[in-house]
Amino acid sequence: MAVAGEGPGPPVGSGSGSGSVPASGEEPFSPSVLGTREQFGEESMARVIRWLEKQKVPLDSPLLDIGTGNGLLLLELAKSGYTDLTGIDYSPSAIQLSEKIREKEGISNIKLKVEDFLAPSPELSGFEICIDKGTFDAISLSPEDAVGKRQQYLRSLCSTLKPEGFFLITSCNWTKEELLNEFREGFEILEELPTPKFCFGGRIGNSVTALVFQRKKVRPSILDKLD
């Protein structure tokens, strides 16, 4: 799950289910054993696909995987019948790996691009569904201007996703309440998807947060706030 400024690096940190809300302008996260990449594997992909099928999302809906990594989510979506699939990653080596896997699987309807989501190209637009399963987490751990990069992420998301399009995010850094706050401008929550729970110190919480947002219809006041 890569974007500019983050590479393979350490596992992303925890915070989901902790109830800790970072103060405005602070760099909120540090790595933790609770938030490991294993939590973004098959279970995460299955969760996304189940929601798309439950909502009867048309199979030809333009879909973007933000920080596609090895592209396995796109492969599973293609095998499930989805036909308009795009994956981006800032890492050329990640895209090369995705292309090799795609060719090995004999799937041709997946477009793969080297793109920095924080500085997207003009043609990266018009998607009805955007999926993030760790990229926003990685931005949150950026050692340089994480707050500014999160704000730019929101601007990029608004330029990429169609009004009333769906944004599915899986995070092990952020609680539901924190994500609602981060995406309050221009988005509304539709659903919280069920995720695994953990018990720590006698308290039960979610180690992963998975939410579905819908982009609101464009209003000038919202665009002004994002500029």
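Contact here means heavy atoms within 4.5 Å, and I kept that cut-off beside me for everything below.

**Ground rules.** I am working with a predicted model, where local features need pLDDT of at least 70, side-chain atom pairs count only at pLDDT 80 or more, and totals for chains, interfaces and linings use all residues. Residues are numbered from 1 along each chain as its sequence is written, and side-chain values use heavy atoms, with hydrogens and water left out.

**Helix α1.** I started with α1, residues 42–54. Helices (H or I, at least four residues) and strands (E, at least two) are DSSP runs, numbered from the N terminus. The 13 residues of α1 reach 18 Å from first C-alpha to last, close to the 18 Å expected at 1.5 Å a residue; the expected span is 1.5 Å times one less than the number of residues. After α1 comes K56, and I noted its positive phi, near 55°.

**What α1 hides.** I looked up burial next (buried is under 20% relative accessible area, exposed over 50%, partly exposed in between, with a 1.4 Å probe and protein chains only). S44, M45, R47, V48, I49, W51 and L52 are buried in α1. The buried residues of α1 pack against α2 (72–79) and against the strands β1 (63–66), β4 (127–132), β5 (161–171), β6 (187–193) and β9 (209–215).

**α1 against α2.** How do the two helices cross? Their axes come within 10 Å and cross at roughly 35°, and the crossing is right-handed. Axes are lines fitted to C-alpha atoms, for helices over the stretch in contact, with angles from 0 to 180 degrees between N-to-C directions. Right-handed means that the near helix is turned clockwise from the far one by less than a right angle, left-handed anticlockwise. From α1, M45, I49 and L52 meet L72, L73, E76 and L77 of α2. The residues of this contact divide into 6 nonpolar, no polar and 1 charged.

**Strands.** I then followed the pairing (two strands pair if DSSP finds at least two bridges between them). β1 and β4 run parallel over 4 bridges, with L64 partnered by C130 in β4. β4 is also parallel to β5, through 5 bridges, and I129 has F166 of β5 as its bridge partner. Of the 6 residues in β4, 5 are buried.

**A last stop at P196.** Is P196 buried or partly exposed? P196 is partly exposed, at a relative accessible area of 28%, and lies in the loop between β6 and β7 (197–200). I also checked P196 and V208: 12 residues apart in sequence, 6.7 Å apart in space, C-alpha to C-alpha.

How values were computed
Ala, Val, Leu, Ile, Met, Phe, Trp, Tyr, Cys and Pro count as nonpolar, Asp, Glu, Lys and Arg as charged, and the others, Gly among them, as polar.
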